[in-house]
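Me: I am new to this structure and would like to learn how to read it step by step. Could we look at it together, starting from the overall picture and moving on to the details?

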Amino acid sequence: MKSMMTKDDVRAARTALGKMWKPGGAPLTAQELVRALGLSEDHGTDHVYNMEKGKSAVSGTIEMLLRIYLAGGVPPEDVVIFKDAPKRSG
């Protein structure tokens, strides 16, 4: 599947998911999005920034996962997105 998601869509997803998941509704940080997507903690942040700058394509897998999350899906309970935060409900 060729990605139809643009760099602006990735940025918008970070904002929307922050509103959905974070107390106060601040956008997800790049590192929080990395954790939600299950990307490498070592290189995932660079990948997120590169997608947002249009330097890296959004893979079909990442697009599908973002679309699932934006439709109300949530990561499994064992996925820790927010360090030092109480477990999310959802």
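**Reading the fold**

Reply: Among contacts in the protein chain (contact means heavy atoms within 4.5 Å) between residues at least 6 apart in sequence, 51% join residues at least 24 apart. This is a predicted model, in which local features need pLDDT of at least 70 and side-chain atom pairs count only at pLDDT 80 or more, while totals for chains, interfaces and linings use all residues. Residues are numbered from 1 along each chain as its sequence is written, and side-chain values use heavy atoms, with hydrogens and water left out.

Me: How many helices and strands are there in the protein chain?

Reply: Helices (H or I, at least four residues) and strands (E, at least two) are DSSP runs, numbered from the N terminus. Here the protein chain has four helices and zero strands, and from the N terminus on its elements run α-α-α-α.

Me: What share of the 90 residues in the protein chain is made up of buried residues?

Reply: Buried means under 20% relative accessible area, exposed means over 50%, and partly exposed lies in between, with a 1.4 Å probe and protein chains only. By that reading, buried residues make up 36% of the 90 residues in the protein chain.

Me: Why is α2 described as largely enclosed by the rest of the structure?

Reply: Seven of the eight residues of α2 are buried, so this helix is largely enclosed by the rest of the structure. The buried ones are A30, E32, L33, V34, R35, A36 and L37, and what covers them includes α1 (7-21), α3 (44-53) and α4. Just after α2, G38 takes a positive phi of about 75 degrees.

Me: How are two packed helices described?

Reply: Two packed helices are described by the angle between their axes and the distance between the axes. Axes are lines fitted to C-alpha atoms, for helices over the stretch in contact, and angles run from 0 to 180 degrees between N-to-C directions. Angles under 35 degrees count as roughly parallel, over 145 as roughly antiparallel, 65 to 115 as roughly perpendicular and the rest as oblique. In this model, the axes of α2 (residues 30-37) and α4 (residues 60-70) come within 11 Å and cross at roughly 100 degrees, and the two helices are therefore roughly perpendicular to each other.

Me: Which residues of α2 and α4 meet?

Reply: On the α2 side L33, A36 and L37 take part, and they meet I62, L65, L66 and Y69 in α4. For the classes, Ala, Val, Leu, Ile, Met, Phe, Trp, Tyr, Cys and Pro count as nonpolar, Asp, Glu, Lys and Arg as charged, and the others, Gly among them, as polar. The contact of α2 with α4 divides into seven nonpolar, no polar and no charged residues.

Me: At what angle do the axes of α2 and α3 cross?

Reply: Those axes come within 9 Å and cross at roughly 105 degrees, which makes α2 roughly perpendicular to α3. Here A30, Q31, L33 and V34 in α2 meet G44, T45, V48 and Y49 in α3, and by class this contact has five nonpolar, three polar and no charged residues.

Me: Which residues touch the most other members of the largest nonpolar core?

Reply: A nonpolar core is a set of buried Ala, Val, Leu, Ile, Met, Phe, Trp, Tyr and Cys residues joined through side-chain atoms within 4.5 Å. Of the 19 residues in the largest one, L17, W21, L33 and L66 touch the most other members. The elements that give two or more residues to this core are α1, α2, α3 and α4, and α2 gives the most, with five residues. Leaving aside its neighbours within four places in sequence, L33 is in contact with V10, R14, L17, L28, V48 and L66.
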